[in-house]
Amino acid sequence: MDPITIILGLIIAGILIVIGVHFIPVGGAPAAMAMATGVGTGTVQLATGAGLTGLVSAGYMYHFANVPMSYVLLSGAVGSMLMLGITMLIGNVIYIFGVGVPPASAKVKFDPITKYRQDIYVSPGTEGQGIPTVCFVSGIIGAFLGGVGGALTYVLLNELGLSPAISALIAIGFFLANAVLAAYNIAGTIEGFHDPKFKRLPRAIVSSLIVSGFIAAILVLAAMGGVVL
Amino acid sequence: MTGSSCNAKAEAVAEKKISNNLIAALGIAVPLLGIFAASFNSLFAFMGGIAIIFATLWGANGVRTVAKYGIGTGVPSIGMVALGGSVAAVVAAAHLASKTVLLIPVIALILALLSGLLIGISARYILKMNIPVMIRCKTEICGAGALLILSHVATITGSFDLPGLKNVSDTGIVLFIFIIGALGILHPYNACLGADERQGRTLKLSLATGSAQVILAGIASLYFIGLPGMITILFGALAWFVTYSMFVRTSFEEGIVMNTGLIPEVEHK
C-alpha cells in the first residue's frame, strides 16, 4: 500500500475512534454511585476495553482467516460491540437488581427510541441512573465505530510492514491517545448521541486529525523511509 | 495546642517543594544514562532499573501537576496517554536510528515530546480546556512514557534497539510493560489525591511504584539475560522496601488524628 493511503487511513481510523467514544455512555465516578447515567467507569477504560476486544477479533480474522479486509474490520466491530454490550448489560443488572434504581435519563424528557417518560423516574438530586435504552443503543453504535477504527489501525500497520506484535502495540497506543482526546472533550460524563455534549464532537475530530496525522506521519516515515541515521 | 502544632507542621511540610524543572532534568538525564549503561553489559542491567524509577518519577510529577486542576475525566486517563502517545515514537525511533543505536533514546524522547506537545496543544486550544499547565505536562508525561518503555526494554533484554523491541513484543512482555508503566505513572497521584496532597509524599510513592516495576522487569529479564536478572530483582526489592517504607512513614507522620469531640472517649478504651 502506498504511504499516502496509509496516512489517510490512519487519520480516518483515529477520527472513527474519537466519534465512537462520544457515543459510549460514560458515567465516571457519579455513575459508580448510581447518581448519573452510564457505566460507572472512566471514558478511557471503557473505550479501551471495547477497543482491545475488537483488536483481538480483528487480529484473528486478519491472520488466520482468508477473507477480504471489510470482514476483518467488521469482526473488529463485532468484538467491540459484544464487549461493550455485555459490560452495559451486566452494569444494568447491577443497577436494577443490586442498587435498586430504574434506568432513566436526566438529559431528555422522553427516551427517543422507546418514547417512555424519563423525568419522573430520575431520583431527586441525581443526573439519572442506570443505562436506559437510548444509551444502550448509542453505546452499541459507538462500539461499532471504535471497533472499526481499532481494526483499521491494526490492519494498516500490518500493511506498513511492521510485525503483528508491534502493530498491536501501536494500535493500542493509538487507540488510547485518541480515546483520551475524546475523554477530554467529554469532560466526565456523556449519555450518548442525545446528550447536549455530543455537539462538541467537531472539536474532537479536529484534534484527532492533528494527533493521528502526526503519529501516522512518523510511523510511515520510519517504516517506509528506511534507516536514516 | 494540638491543632496549632499540627498547622505549623503542615505549613512546614508544605514549604518544601521540588521544582518541576529539576525533576524534568533528572527524569531526562538519569533514564538516558541508565538505558545506555544497561545495554553496555548484562551485568549492568540493573542500571536500567534506576532509569525506570526516575522515568516514573518524572511522569508521576507531570500527572500530579496537571491532575491537580481536576480535569473531570479521572487521573487514569491522564496516565494512560503517557504510554499511548509515546509508543509510536519509540517504534519510529527504533526504525529511524537502527544504524546509530545510541541515538534511539534521544530520538524517541524528541518524537514523544513532540506528540505530547501536539496532544497538549489540541487539548488546550481546540478542546478548550482552561488549564495553563496542560501543554507542558502532556509533553512531559509523553516524554517520560517513551523513556519508561525504553528503560523497561533495556532492563529486560539488555538492549534497546529494534531487535530488543521485537523480542519484548513477540513474547508479549510489552503488554505488561504497557500496563505496569502506565499504572506506575498514574497510581501515585491517584492514591494520594485530596485536599492535603503533598508533592513529597506523592513522589515518594512514585519511587515505590517505580521500584515495584523494577522487580517485575527483573523477573521478565531472567528469560532474556539469565542470571544477571537476579541483580535487578534484588536491587528492585531493596529499592521498593526502602522507598515504600519511606512513604508509609511519611503517611503516618502527616496523617493527623483530630479529636473532634464527636466520639465519646469511652469507646477508645
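Predicted model: local features only at pLDDT ≥ 70, side-chain atom pairs only at ≥ 80, totals over all residues.
Residues are numbered from 1 along each chain as its sequence is written, while chains are lettered from A and ligands numbered from 1 in the order in which they are written.

Let me begin with chain A as a whole. Its secondary structure comes to seven helices and two strands, where helices (H or I, at least four residues) and strands (E, at least two) are DSSP runs numbered from the N terminus. Read from the N terminus on, the order is α-α-α-α-β-β-α-α-α. Along the principal axes, the C-alpha atoms of chain A fill a box of roughly 65 × 35 × 25 Å. The radius of gyration of chain A is 19 Å, which agrees with the value near 17 Å that a compact globule of 229 residues would have; that radius is taken over C-alpha atoms, and the globule rule is 2.2 Å times the number of residues to the power 0.38.

How much of chain A counts as buried? The share is 54% of the 229 residues, and here a residue is buried if 20 or more other C-beta atoms lie within 10 Å of its own, exposed if 12 or fewer, and partly exposed in between, with C-beta atoms placed from the backbone. As for contacts, meaning pairs of residues whose C-beta atoms, placed from the backbone, lie within 7 Å, residues 24 or more positions apart account for 73% of those in chain A with a separation of 6 or more.

Now to the place where the chains meet. The contact takes 38 residues from chain A and 37 residues from chain B. On the side of chain A, the elements that give two or more residues are α3 (43–64), α6 (164–186) and α7 (201–225), and the largest share, 14 residues, comes from α6(A). By class, that side of chain A has 28 nonpolar, nine polar and one charged residues, with Ala, Val, Leu, Ile, Met, Phe, Trp, Tyr, Cys and Pro counted as nonpolar, Asp, Glu, Lys and Arg as charged, and the others, Gly among them, as polar.

Two of those elements also pack on each other, since α3(A) and α6(A) have axes 10 Å apart and an angle of about 150°; the axes are lines fitted to C-alpha atoms, for helices over the stretch in contact, and angles run from 0 to 180 degrees between N-to-C directions. The two helices are therefore roughly antiparallel to each other, given that angles under 35 degrees count as roughly parallel, over 145 as roughly antiparallel, 65 to 115 as roughly perpendicular and the rest as oblique. The residues of this contact divide into 15 nonpolar, five polar and no charged, and Ala183(A) of α6(A) is one of them. With 34 other C-beta atoms within 10 Å, Ala183(A) is buried, and, leaving aside its neighbours within four places in sequence, Ala183(A) is in contact with Gly42(A), Thr43(A), Val44(A), Thr73(B) and Ser77(B).

The axes of α8(B), residues 173–192, and α9(B), residues 199–225, come within 8 Å and cross at roughly 165°, so α8(B) and α9(B) are roughly antiparallel to each other. By class, their contact has nine nonpolar, eight polar and one charged residues.

Finally, some backbone angles. Most residues other than glycine have a negative phi. Lys115(A), however, has a phi near 65°, and Lys115(A) lies in the loop between β1 (104–105) and β2 (128–129) of chain A, where it counts as exposed with 8 C-beta neighbours inside 10 Å. In chain B, Lys128(B) has a phi near 55°, again a positive value; Lys128(B) sits in the loop between α5 (104–126) and α6 (134–157) and is exposed, with 11 other C-beta atoms within 10 Å.

Terms used:
Contact = placed C-beta atoms within 7 Å.
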